[in-house]
Amino acid sequence: MDAQMEKKTASQAAVEADSIAWIKLSSVFLPLKTPISDAKVLTGRQRPLTEVAFLFAEIETKHGHSGIGFSYSKRAGGPGQYEHAKEIADMLIGEDPNDIGKLWNKLCWAGASVGRSGLAVQAIAAFDVALWDLKAKRAGLPLAKLLGAHRDSVQCYNTSGGFLSSPIEEVLENVEQSIADGIGGIKIKVGQPDLALDLKRVAAVHERIGERAAMMVDANQQWDRPTAMRFGRLMEPYHLTWIEEPLDAYDVEGHAALAAQFDTPIATGEMLTSVLEHVALIQNNSVDFIQPDAPRVGGITPFLKICALAETKKLQLAPHFAMEIHLHLAAAYELEPWVEHFDWLDPLFNERLEIRDGRMLVPNRPGLGITLSEQAAHWTRGTAEFGKRA
């Protein structure tokens, strides 16, 4: 055997022999500058949002490779995610970090008695994202490139400036700032108890945007079917990019009826927490834009399964929140997608994503391209470590 072959064989053996040596979990609570309200607050179903709970997983192997991932929860559930993650984390110690699908199943079965969706898989998501980040870093590639990117940038739209807790004058100011910052689309919240107020809000924002950016609206599941039908008819002249969550997230038939009747596309999926729940939307032609959330469905592994199914129906993709993860996943989707811009998470990371001409640029840094900031440590309420650092 010649020297080059020996070197290649030794390199392959080193990769195969690597294993997970150390895991650190962190429970971090990100405070928001001002309380945030959407239609769920105005209908009395939720309190204003004041903070976001994050579960971070940092994974290192005995050969020194590392990855970071996160999941999150709004209003409730964050401590539960953290506790469940602590229960299952040690099952990854000694495992091959390459076997991401196998490890996802192992963690899922460890908590099978609490189900294969919801909080249980959201805890798994932090590990799963970290393993994909590790894999891409080891390859020296941005995650999008590892997955097989279709593009180096993704259309981006802004939501954080259009909440119902902001008066219309502030929303219009946010529209101007977002467009000046290079945002390609503006989404505002609707779904107030008084439909007339929603219509005035839409008209004002639509007039201000003009032809400068795309426009979307989001009702956060607060309408019944007749109200959604009525609103959909009134929105047709505005040529919206989509109407988001007009009905309850699990109303597959109702969303299908809206999608069939209107030219305005229907978008939903962000509140679903498993692959199978998204399958129902896809198979029943209930959406034009599918909106899975990787941390909510259990990580990148299940997210990719949803994308594969969505591509067979030629659905468009617009992942919810967590742009630091979803930018890479959207870049690897076949059809031109959108990614949601939120600057809420900026204080947690040392890096910033670049926006130019209506698009968010995929960073050329390996993996997700993010590292935790010192500020994140100040917002940490609990940590747990497993294994031993190499």
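Visitor: Which residues of H8 meet which residues of H9?
Guide: In this predicted model, where local features need pLDDT of at least 70, side-chain atom pairs count only at pLDDT 80 or more, and totals for chains, interfaces and linings use all residues, Leu195, Asp198, Leu199 and Val202 in H8 meet Thr227, Arg230, Phe231, Leu234 and Met235 in H9, contact meaning heavy atoms within 4.5 Å. By class, this contact has 6 nonpolar, 1 polar and 2 charged residues. Residues are numbered from 1 along each chain as its sequence is written, and side-chain values use heavy atoms, with hydrogens and water left out.

Visitor: What makes H8 roughly parallel to H9?
Guide: The axes of H8 (residues 195-209) and H9 (residues 225-235) come within 12 Å and cross at roughly 25°. Angles under 35 degrees count as roughly parallel, and therefore H8 is described as roughly parallel to H9. H8 passes H9 in a right-handed crossing, the near helix being turned clockwise from the far one by less than a right angle.

Visitor: Which residues lie nearest the centre of the largest pocket?
Guide: Lys33, Ser160, Gly161, Asp343 and Trp344 lie nearest the centre, out of 26 residues that line the largest pocket, lining residues having an atom within 4 Å of a point on a 1 Å grid. The volume of this pocket is about 660 Å³, taken as the space filled by probe spheres set on the points.

Visitor: Which element gives the most to the lining of the largest pocket?
Guide: Strand E1 does, with 7 residues; the elements that give two or more are strand E1 (20-36) and helix H7 (168-180). The lining divides into 11 nonpolar, 10 polar and 5 charged residues.

Definitions and conventions:
Axes are lines fitted to C-alpha atoms, for helices over the stretch in contact, and angles run from 0 to 180 degrees between N-to-C directions. Helices (H or I, at least four residues) and strands (E, at least two) are DSSP runs, numbered from the N terminus. Angles under 35 degrees count as roughly parallel, over 145 as roughly antiparallel, 65 to 115 as roughly perpendicular and the rest as oblique. Ala, Val, Leu, Ile, Met, Phe, Trp, Tyr, Cys and Pro count as nonpolar, Asp, Glu, Lys and Arg as charged, and the others, Gly among them, as polar. On a 1 Å grid over the protein atoms alone, a cavity is a set of points where a 1.4 Å probe fits but cannot get out, and a pocket is an open set with protein on both sides within 12 Å along at least five of seven lines; lining residues have an atom within 4 Å of a point.
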